[in-house]
Amino acid sequence: MKLAIGADHAGFRLKEAVKKHLDKRGIEYKDFGTYSEESCDYPDIARDVAVAVKNGEFDFGILICGTGIGISIAANKIKGIRAALCHDTFSAKAARAHNNANILAMGARVIGEGLACEIVDSFLSAQFEGGRHQRRVDKIHEIEDMQD
């Protein structure tokens, strides 16, 4: 498994904690920034991670900003991306199992490091269930195609 990870300045510290967790689990990732707490624009980070996931360079992405809202909205503008904002393990598991989410978004001002790592584990360990859920994901793709 190969991950793309990124955060804005508000999410920088939580991103670093998640990276340490991924290192302990032996999960490969690429850090798309930011690399400090200096102010930056989350849409730039979201775009870079989302495009890399869309292009198949990475299996999944993890994005972090202050609330997780802005960075997930930006990522979801990329066709083929299903970024799910999750602040609990149940939602993270369901995002993969029911929505086939390919990016996990979290808010550093909403959750702490321990819970963030549990959410990452729940997201990464879940499998898409397909079946009736595939039909719904297909409808999401149909909506995306209307935008062309």
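This is a predicted model: local features need pLDDT of at least 70, side-chain atom pairs count only at pLDDT 80 or more; totals for chains, interfaces and linings use all residues.
Reader: What pattern does the chain follow along the sequence?
Author: Helices (H or I, at least four residues) and strands (E, at least two) are DSSP runs, numbered from the N terminus. The chain has 6 helices and 5 strands. Read along the sequence, the pattern is β-α-β-α-β-α-β-α-β-α-α.

Reader: In which order do the strands of the open sheet lie?
Author: Two strands pair if DSSP finds at least two bridges between them. The pairing in this sheet of 5 strands is parallel, and the order is β2-β1-β3-β5-β4. Each edge strand pairs on one side only, and these are β2 (28-31) and β4 (83-85).

Reader: Which residue in β5 stands opposite A84?
Author: β4 and β5 (residues 103-107) pair in the parallel sense over 3 bridges. The residue in β5 opposite A84 is L104.

Reader: What angle does the direction of helix α5 make with that of β5?
Author: Helix α5 (residues 113-125) packs on the sheet, touching β1 (2-7), β3 (60-65) and β5; contact means heavy atoms within 4.5 Å. Axes are lines fitted to C-alpha atoms, for helices over the stretch in contact, and angles run from 0 to 180 degrees between N-to-C directions. The angle is about 165°.

Reader: Which peptide bond is cis?
Author: Most peptide bonds are trans, and most residues other than glycine have a negative phi. T34 lies in the loop between β2 and α2 (42-54). With omega near -5°, the cis bond is the one from G33 to T34.

Reader: Where is N100 found?
Author: N100 has a positive phi of about 50° although it is not a glycine. Its place is the loop between α4 (89-99) and β5.

Reader: How many residues of each class line the largest pocket?
Author: The lining includes K77, R82 and E144. Ala, Val, Leu, Ile, Met, Phe, Trp, Tyr, Cys and Pro count as nonpolar, Asp, Glu, Lys and Arg as charged, and the others, Gly among them, as polar. A pocket is an open set of points on a 1 Å grid over the protein atoms alone, where a 1.4 Å probe fits, with protein on both sides within 12 Å along at least five of seven lines; lining residues have an atom within 4 Å of a point. The lining has 2 nonpolar, 3 polar and 4 charged residues.

Note on methods
Residues are numbered from 1 along each chain as its sequence is written. Side-chain values use heavy atoms; hydrogens and water are left out.
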